[in-house]
Amino acid sequence: MRDELLTFLANQTDFFDPEKLSEVFTASYLAQRFSLKRNTASHYLNQLVAQGVLVKINTRPVYFLHKKTFSQQFFPLSANEYESVAQLLGDGGPEPERPDHFSLLIGHDESLKKPIEQLKTALFYPDGGLPLLITGDSGTGKSYMANLMHAFAISEGLLADDAPFISFNCAQYASNPELLAANLFGYAKGAFTGAQTDRQGAFEAANGGMLFLDEVHRLNAEGQEKLFTWLDRKEIYRVGETAQGRPVATRLVFATTEELHSTFLTTFLRRIPILVTLPDLQSRSRQEKEALILLFFWLEAKKLAVRLALTPRLMQVLNHFVYRGNVGELKNAVKYTVAASWAKQRGGEELVVGIQHLPEKIAAAIPASGEPLAVEENLIVEPQTSLAWLLRSRDPTRGVIYDAQCQVLALYEQWMSGHADWEEVRKRMGEAIEGLFDRLIFDNRDTTDSPMLLLTTQQVREEFYRLEKQFNIQFNGNCIYALSHYLVHRSRSTPSRLSQERIRSLDDFLAQKYPLLYRFCQAIITALTQKLDIEPQRIDALLLVLWLHQSGAISQPHVTRAVILAHGYATASSIANVANRLLKNHLFESFDMPLDVTPEAIARQVMDYIESNTLASGVMILVDMGSLNAIHHHFQRRVSTPVAIVNNVSTSMALYVGERILRGDLIEDIAHEVSDDLPVEHQIFWPQANRPRVILTTCVTGLGAATNLCTLLKASIPETLGIDVIACDYDTLSNGQEGALAFNRYEMLAVVGTFDPHLPAVPWISLDSLIAGDGHAQLMRIFGDIATPEQIDEINNLLLKNFSLRRVIESVTILDTSKVLNQVEQFVLRYEHLAGCQIPNDRKVALYVHISCLIERLIRNASPASYAGRQCPESELADIKQAFSVIESSYSVKIPAVELCYIHNILTLETEFIPQDQEF
């Protein structure tokens, strides 16, 4: 009971949400769940709390969490009991790793990622780092960033713990260059009137630390030139000194709000190797803006030691307003809003902050904010709550990725514990991951044109196309966009505290369960993390394995492929996505073409796709307009698989074509019928060389028997030879309909069956000769040019094994094989006695196969209604009927005259076809 209880709580703690506390963590629910008395359950739970296994939250009701799971999923806990959820969340201390001051910045993984990389580059450069110039509008955080650089340099050991940080505002001395020089470089005694002693300037004061020159654009040309000596030689001259320079080891940071090339000397700028631009608030994402708002409210809550309740409308207005003063103006707006609310509600435990408390300037802009509210409840900001938790709870993207990862691991845990079937768990995993990708794509439309997403999509597409050929696995175009969005958003989030033990276990399991797909996903994630400079996480490849398997990403030779080509950014992808989702099968690949793309370029891409699908039974290409329909004129190489091109593609056409492909229809039939129903044009291209090699099977008894013979023959031919076996209906094949199609599509090696359809230049091998052992030599002649002697020996052994009379009878009927063989043997003996003749062995074999199927037809009452052959002598039919009476008696059936005629034709070596398709 203890283990079951702990397993249940561990799984549930994966999905713990402090904003929506679930009753599954209460003693009353657990007592009911495990059929315990309420007091007994509480006793067990409190014992586990005392042992440090569970965490207890002493609210009403009391909640119990699995401590180890919580620590793995969120943050380590220092206690076993907490008075409130807020106290528990406030226990989230810093990570044990050495802190990175820049990682605490909001936007450090998005809008500020590049600036931070530049700042670190300047700091880590040997021999005192590199000077840099920070540009950005007023209020973007230039001074704050300089201070952060100083703190970061100390934490990294680049500066001593007591290293000075000197801030020098150049605007104060813009009109007085002499005063600027004196304060910046210092002066010697007697350098000017009033210089009664030597005095050091800002440079020397910053020796061993960092010097921040703010508003550096206020320096005129002469003032800028005064800095050249230090920039060139790392030394300065005090005013009044000329003999010997003074070396100064400091790190120099400039800041300006002005345009560079119109303000600074070219000779000054070329001495600054790193130029950093901080984005204004309006250009930062909506998520970053809201995170900054929450940060400033959280700081106010801590300062006032009171809980803040922020109305949804307030958050919306603050996020919508355009702050010309950037982050600085936003911070002041939040401070004013809280102060206005505090002035009216002093003394309460909770401070409700709404739009009535906003500064007048922002309140006046409220009518312009007509966006509907996303939530209706107030947002609670507790002073004890961890800021990291607060920000994470408001970051939908990071939360949805983390939640999906947790859900996959929890489902795996359910399967491991034996509580669910693997196929059910795999399906639910796939649905969870598909839901994640949908959220990432459709909830973040503002990032569609972001440079990082475009770069990632390009790299993902290249890697998919490269590795598809290597692994012989085909995927749909939606995989590219889904994985691209995932990698972009995942790269912005810090590594999550998932259970590494569970991840390793799932990794080992998937590697054994889906080895080919696992190796593909490992290869593509490894390549992409290197190309995109993303920190690899093992969970990424596992999610991709599960999702691609859910999407039908398996090696499927000899299936029809379908492609949609259309002009526009995502026209083809959108149609393909809708069709694939509605058909519940990933059929369509998509190619989105620029409007100015040439037909030659399209033709090359189509040919590349066709060549990568050489095992396909056909490629259906749906295009959007005439220029694409004419791309076949630019094919530089012959097609290696049948290709049908249809123009005027639409979603309804894609759905119709997809349904026909799933039904197994051939591309030429689909193209003809689409053209009959819609105002479109189509063209079909057949391969002229290197066509797939096939052996056809056919049977006068029906397509069902031919299909079963096909299965036997496939089992006798090694897959490495690349020879397919296809079942064909005898009626259509002998009349030339299927024969013409087969000649177009395939290089036909032979036809195997019960009767020769007389296909020109195609060898025929009778089924009875295979059973008798006489047909093996013919097959060996066919395989002689394409198989090694060892493979021929293998084929011969498999034919002997698979084409025994018993195996063939088993393949063409569902009846008891031993009884059928015995009954046919009695028929043969009785007929030979009545007719006074000996039936040749090859005819006996044919009779065994035919009568086996005949008996099943009689039982199912599925005999043909008419006979189209020549008339048979009544006396000979009477002998056949009398001999067949033993079978009629055994199976309680009556043989009709039409079936007697077919048996007569076999006995007289004039077998005719049965005009109906009888499937068995």
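A residue is called buried here if its relative accessible area is under 20%, exposed if over 50% and partly exposed in between, using a 1.4 Å probe and protein chains only. The model is a predicted one, so to speak of local features takes pLDDT of at least 70 and side-chain atom pairs count only at pLDDT 80 or more, while totals for chains, interfaces and linings use all residues. Residues are numbered from 1 along each chain as its sequence is written, and side-chain values use heavy atoms, with hydrogens and water left out.

Rings of Phe, Tyr and Trp (its six-membered ring) pair if their centres lie within 6.5 Å; planes under 30 degrees apart are stacked, over 60 edge-to-face, and the rest tilted. That rule gives 24 aromatic pairs. One of them is the stacked pair of F264 and F268, at 5.5 Å centre to centre with 15° between the planes; both F264 and F268 are buried. Helices here are DSSP runs of H or I with at least four residues, strands are runs of E with at least two, and both are numbered from the N terminus. Y486 counts as buried because its relative accessibility is 2%, and F437 does so at 4%. Elsewhere, ring pairs join Y412, W415, W422 and F509 into a cluster.

Now for the sheet. Two strands pair if DSSP finds at least two bridges between them. Four strands form an open sheet in the order β22-β21-β23-β24, with parallel pairing. β22 (723-727) and β24 (764-766) are at the edges with a single partner strand each, so one side of each has no neighbour in the sheet. β23 (residues 747-753) pairs with β24 in the parallel sense over 3 bridges, and G753 stands opposite S766 in β24.

Last come the holes. A cavity is a set of points on a 1 Å grid over the protein atoms alone where a 1.4 Å probe fits but cannot get out, and its lining residues have an atom within 4 Å of a point. The whole structure holds 2 cavities of 30 Å³ or more.

Conventions: 1 Å grid on protein atoms, 1.4 Å probe; cavity = no way out; pocket = protein on both sides within 12 Å on 5 of 7 lines; lining within 4 Å. Points joined across faces, edges and corners; volume = space filled by probe spheres on them.
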